Every structure is written in C-alpha cells, then in structure tokens.
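These notebook entries record what I looked up in the structure. I begin with strand pairing, then turn to helix packing and the chain as a whole.

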Amino acid sequence: MSMEGYPGEQLESLTPAVPVRRCQVKRSCPSCGPELGVEEKKGKGNPISIQLFPPELVEHIISFLPVRDLVALGQTCRYFHEVCDAEGVWRRICRRLSPRLRDQGSGVRPWKRAAILNYTKGLYFQAFGGRRRCLSKSVAPLLAHGYRRFLPTKDHVFILDYVGTLFFLKNALVSTLGQMQWKRACRYVVLCRGAKDFASDPRCDTVYRKYLYVLATREQQEVVGTTSSRACDCVEVYLQSSGQRVFKMTFHHSMTFKQIVLVGQETQRALLLLTEEGKIYSLVVNETQLDQPRSYTVQLALRKVSHYLPHLRVACMTSNQSSTLYVTDQGGVYFEVHTPGVYRDLFGTLQAFDPLDQQMPLALSLPAKILFCALGYNHLGLVDEFGRIFMQGNNRYGQLGTGDKMDRGEPTQVPLCACALCATRECLYILSSHDIEQHTPYRDLPASRVVGIPEPSLGTGAPQDPGGTAQACEEYLSQIHSCHTLQDRMEKMKEIVGWMPLMAAQKDFFWEALDMLQKAEGGGGGVGPPASET
C-alpha cells in the first residue's frame with residue numbers, strides 16, 4: 001500500500017523563525033525528562049522546547065506527516081502521544097485523504113475513525129491459474145467511506161461503505177489471454193444509499209449472480225396524499241448487468257432487519273432476514289419472474305430456528321445453495337442442511353438427516369465460542385473466540401487446509417488465519433478497511449488449553465500447571481521415561497493423548513496407532529514395523 005508523505009523541504013519552510021544553526025529545538029516531556037541538544041553540550045546557543053510552540057501550530061505541522069509516521073511519532077513520549085492523538089490532527093488528515101468526504105460519521109472519535117477507515121481501505125485480487133501469481137489492487141471509489149462489504153459478480157464488483165452507500169464498479173474485470181486483470185479505466189457509480197446489507201446467488205460461480213438483493217431503509221409515506229413519513233426497511237432487487245432496479249418489497253415499520261442471505265434455486269429463492277432482536281424470517285420469491293412488471297404480496301414467516309428455539313438470539317448467518325449456518329450471540333452454531341449429499345459430506349453419515357423436515361436446525365459440537373463462520377457447498381469454516389480456525393466437511397481437493405485429502409465429520413483446527421476473503425471460480429479477493437471502534441473479539445487462550453495440561457479430577461483439588469508448552473512436554477517425557485516396560489510406556493502415552501486438547505478424530509487415530517504398535521510388539525495379529533523403528 002503506497003503512502004504519500006509531505007515533502008521535507010515544505011516542512012522546514014513552516015518554521016522559518018527558528019535558526020537551525022544557532023538553536024537546537026528539543027522535546028521536553030515530563031515523563032521523559034529534559035533532553036540536551038548538541039549545541040547546549042558545547043555551550044553554544046539555547047535549546048528551545050517544542051512545548052513553547054502554539055498547540056495549533058504543532059498540530060498543523062504534524063498533520064502533514066504520513067499516517068504511519070504519525071503513529072510512530074505518537075509512541076515516542078506522552079506529549080507527542082497526546083498531540084498525535086488529537087482530533088484536530090486527524091481531521092486535517094481525513095480532509096487530505098478524502099477531500100470529497102462530507103460526513104465524518106459517528107462515534108467517540110469520528111475524525112480518527114474516518115481517517116483510518118479511508119487510509120486502510122483497499123480491495124485486492126489474485127487470479128487463479130496461469131503463470132502470474134501477483135496480487136493486484138483495484139480502483140478505489142473516492143467517495144467511499146471505508147469498505148465494509150463487497151461482492152463480485154460476473155462482470156462487476158459491488159462495494160458497501162460504512163455510511164450505507166453501495167457502489168457499482170462497472171466492467172471491473174477483463175480477461176486478457178486467459179488472465180483476469182483489473183480494468184484501470186473502469187468507472188463506478190452510486191447504486192443506492194441507505195443500504196444495510198446486500199446479497200446475491202450464494203454459489204461461487206459468478207455466472208449465476210444475475211440479481212442483487214439490497215436491504216435498505218427508505219422513507220415511506222404513512223397516508224397517501226400527506227407529507228408525513230416514517231422509515232421502513234425494504235428489499236430492492238437490481239440487475240447486476242445494468243444496475244437497474246426491477247423489484248421492491250417494503251416491510252412494516254415495526255420490523256427492522258440487519259442482514260440478508262439467499263438460499264435455494266431460482267424458482268424457489270428463499271430470502272432469510274435477520275432482525276435486530278436476533279430472529280430469522282423468510283419469504284420465497286420466483287426469481288425468474290422478477291423482471292415482469294406486476295405487483296403481488298409475499299408472506300413473511302418465522303424460520304424454524306427461531307420458532308422452535310425462541311430462546312436463541314442469532315448474531316449472524318451465512319448460506320449456500322442448499323444449506324444455512326446460524327451463529328448465536330453465545331457462540332453456538334446451528335445448521336440447516338437441505339440435501340442428503342451435502343449432509344453426508346459434512347458429517348460423514350446420514351444417521352440424523354430427516355428429508356421430511358429439512359429446516360430443523362442441528363447443533364454442532366464445538367470446542368469454544370464461535371464468532372464468525374463461512375459456508376461452502378459441502379464444507380464450512382468457523383473462527384472461535386481465541387482466533388482459531390476450524391474446518392469441517394468434504395476435503396476431496398484439500399480445501400479444508402489440513403494438509404491432506406481426508407474428509408472431516410467434525411470441526412478440525414487448522415493453523416491458518418484469514419479475514420475478509422471472498423473467492424470465486426476466477427479470483428481470490430482480499431478486502432482491507434480497519435475500524436478503530438470495532439475492538440478485537442478474540443481473547444487469550446488459557447494456559448491449560450495451549451499446552452494440553454489435563455483437567456484435575458473431581459475431589460483431588462490439584463491446581464493446574466500454568467507452565468508453557470516446553471515444560472508440559474518435558475513432564476510428559478519424564479512420566480514416560482519413568483515406566484519400566486514398553487507396554488507401560490504405551491499405556492502412559494495413551495493416557496497423555498487423552499489429556500491433550502485434540503479433536504476426537506485425532507485422539508482416535510493416536511490410540512489406534514498405539515494399539516497397533518502394542519500388538520506388533522507383543523506378537524499379536526498384524527505385521528508391525530521393526531523394533532528399532534518402534
């Protein structure tokens with residue numbers, strides 16, 4: 001990401017009254033103590049404290065620094081931390097970064113938030129296949145107030161900013177000799193304002209994304225012929241090819257939504273709407289008839305996950321063509337699977353699948369509280385409160401990131417970390433935009449969960465060992481070494497495997513392998529490895 005700073009000669013021209021050769025400007029900070037200049041040590045000239053300058057002049061000079069240098073300067077001492085963190089400095093930086101920005105937004109620190117949102121915003125993409133594997137940056141809409149969400153379609157890209165403006169980047173991608181490239185001369189327009197969320201066909205193939213469903217807030221007249229109005233939520237449907245609105249449905253003003261996802265085929269397209277209270281409502285439309293000019297009434301029904309489990313408060317949801325994943329505010333995950341093939345790929349069995357009641361949610365067994373989720377056709381990804389990523393489902397092409405091609409019927413941890421990614425058949429998109437008011441949701445993993453220290457048995461009252469990983473492994477090796485026979489060491493190893501925070505499939509694998517080694521050593525069934533290798 002390129003950063004443009006203020007030229008050094010222009011910075012020097014802002015302070016012509018300070019002779020550089022005769023006086024030494026020093027920083028005097030109460031927390032750091034006085035700092036002597038070189039000229040003072042030689043007995044020539046008198047040092048001048050920067051605190052003698054008017055605060056407005058210091059803020060004005062500092063505001064010309066690049067954002068990275070400004071943050072680094074604020075970490076030197078308490079005085080510069082206060083100066084660099086002033087809203088006046090960030091207001092000037094925000095005006096410099098986004099001169100067309102009309103509203104800085106809301107929050108405790110509106111100008112600093114707006115400046116960092118626009119400084120860190122960016123959309124990158126990397127095409128799949130071919131010899132070139134470079135990461136390219138897209139054309140950024142100058143009017144966008146940060147990037148909150150984006151969605152690529154067949155020919156275009158849609159970007160939603162933090163003030164609810166949805167941008168339409170026309171003909172953004174072109175194919176040159178089989179290589180996808182970003183068209184630098186692409187133009188963008190404002191598709192609509194007041195948008196909360198938007199969605200399209202959930203399949204990864206952008207050819208199917210014909211329509212764009214936008215959840216927005218609009219002013220609606222209470223009585224026809226009067227000037228009084230009130231805000232109502234609505235869903236507007238646009239053609240992705242031209243940006244033309246072809247359909248609109250308006251809800252009662254008492255119902256407010258915050259997220260929309262799609263599921264199902266085009267003729268039976270189900271729109272799932274998440275309310276501010278955490279309830280899920282759904283309605284069905286025929287997408288093939290949306291471009292026909294007619295008016296009809298659709299029925300909004302409560303989804304089974306909210307009807308049969310009214311105590312659950314859904315925080316977010318995601319979907320594919322035949323499944324839906326719900327994450328509650330308590331970190332629980334519930335799953336709707338509508339086809340037996342996808343259910344078998346995800347769980348490895350059809351034991352609990354009910355083809356007559358496909359909307360009944362299934363609770364997933366999870367190791368910790370889940371914050372985010374992603375759903376593919378036959379696999380899923382989860383991010384827990386400790387920042388760990390868990391994958392589950394079909395792994396035929398290694399899409400789970402486990403390093404093998406073995407399917408996983410339950411969440412399995414993978415050593416990866418990612419944020420704001422979106423993949424299609426042609427490209428991988430990476431979105432960046434940092435919000436200072438969105439605090440990190442992760443917390444530190446407890447020591448016992450990190451090093452695999454066993455939980456104390458009931459009644460023993462033994463405290464957990466707070467040591468590190470190396471200390472725990474040394475203790476395990478010491479316990480194994482204290483065993484006199486190979487069989488005893490095998491049994492101790494089985495016990496240690498039970499203590500470690502491994503997934504059930506991993507524990508079963510180690511226990512089965514140890515049993516095979518024990519049988520081979522004892523001359524039981526099967527041919528085991530040589531004794532030296534054992």
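**Entry 1: conventions.** I took two strands as paired if DSSP finds at least two bridges between them. Helices (H or I, at least four residues) and strands (E, at least two) are DSSP runs, numbered from the N terminus. The model is predicted, and I noted that local features need pLDDT of at least 70, that side-chain atom pairs count only at pLDDT 80 or more, and that totals for chains, interfaces and linings use all residues. Residues are numbered from 1 along each chain as its sequence is written, and side-chain values use heavy atoms, with hydrogens and water left out.

**Entry 2: strand E25.** On one side of the record, strand E24 (residues 379–384) pairs with E25 in the antiparallel sense, over five bridges. Leu 380 stands opposite Gln 392 in E25. The hairpin of E24 and E25 has four residues between the strands, and Gly 387 there takes a positive phi near 80°. I then found that E25 also pairs with strand E26 (residues 408–414), in the antiparallel sense and over four bridges. In that pairing, Phe 390 stands opposite Gln 413 in E26.

Buried means under 20% relative accessible area, with exposed over 50% and partly exposed in between (1.4 Å probe, protein chains only). Ile 389, Met 391 and Gly 393 point one way from the strand, Phe 390 and Gln 392 point the other way, and all are buried.

Entry 3: Strand E16 (residues 269–275) and strand E17 (residues 280–285) run antiparallel and are joined by six bridges. I noted Val 285 in E17 as the bridge partner of Arg 269. E16 and E17 form a hairpin with four residues between them, and in the turn Gly 278 has a positive phi of about 90°. E17 is also joined by two bridges to strand E18 (residues 301–302), again antiparallel. Here the bridge partner of Ser 282 is Ala 301 in E18.

Entry 4: Axes are lines fitted to C-alpha atoms, for helices over the stretch in contact, and angles run from 0 to 180 degrees between N-to-C directions. A crossing is left-handed if the near helix is turned anticlockwise from the far one by less than a right angle, and right-handed if clockwise. Contact means heavy atoms within 4.5 Å.

Helix H3 (residues 55–62) packs with helix H6 (residues 87–97) at an angle of about 35°, the axes being 9 Å apart. This crossing is right-handed. Glu 56, Glu 59, His 60 and Ile 62 in H3 meet Gly 88, Val 89 and Arg 92 in H6.

I then looked up helix H7 (residues 110–120), whose axis comes within 8 Å of that of H6 and crosses at roughly 35°. The crossing of H6 and H7 is left-handed. Among the residues making the contact are Trp 90 and Ile 93 of H6, and Trp 111 and Tyr 119 of H7.

**Entry 5: the whole chain.** The secondary structure of the protein chain comes to 13 helices and 28 strands. Of its 534 residues, 41% count as buried. Among contacts between residues at least 6 apart in sequence, 48% join residues at least 24 apart.
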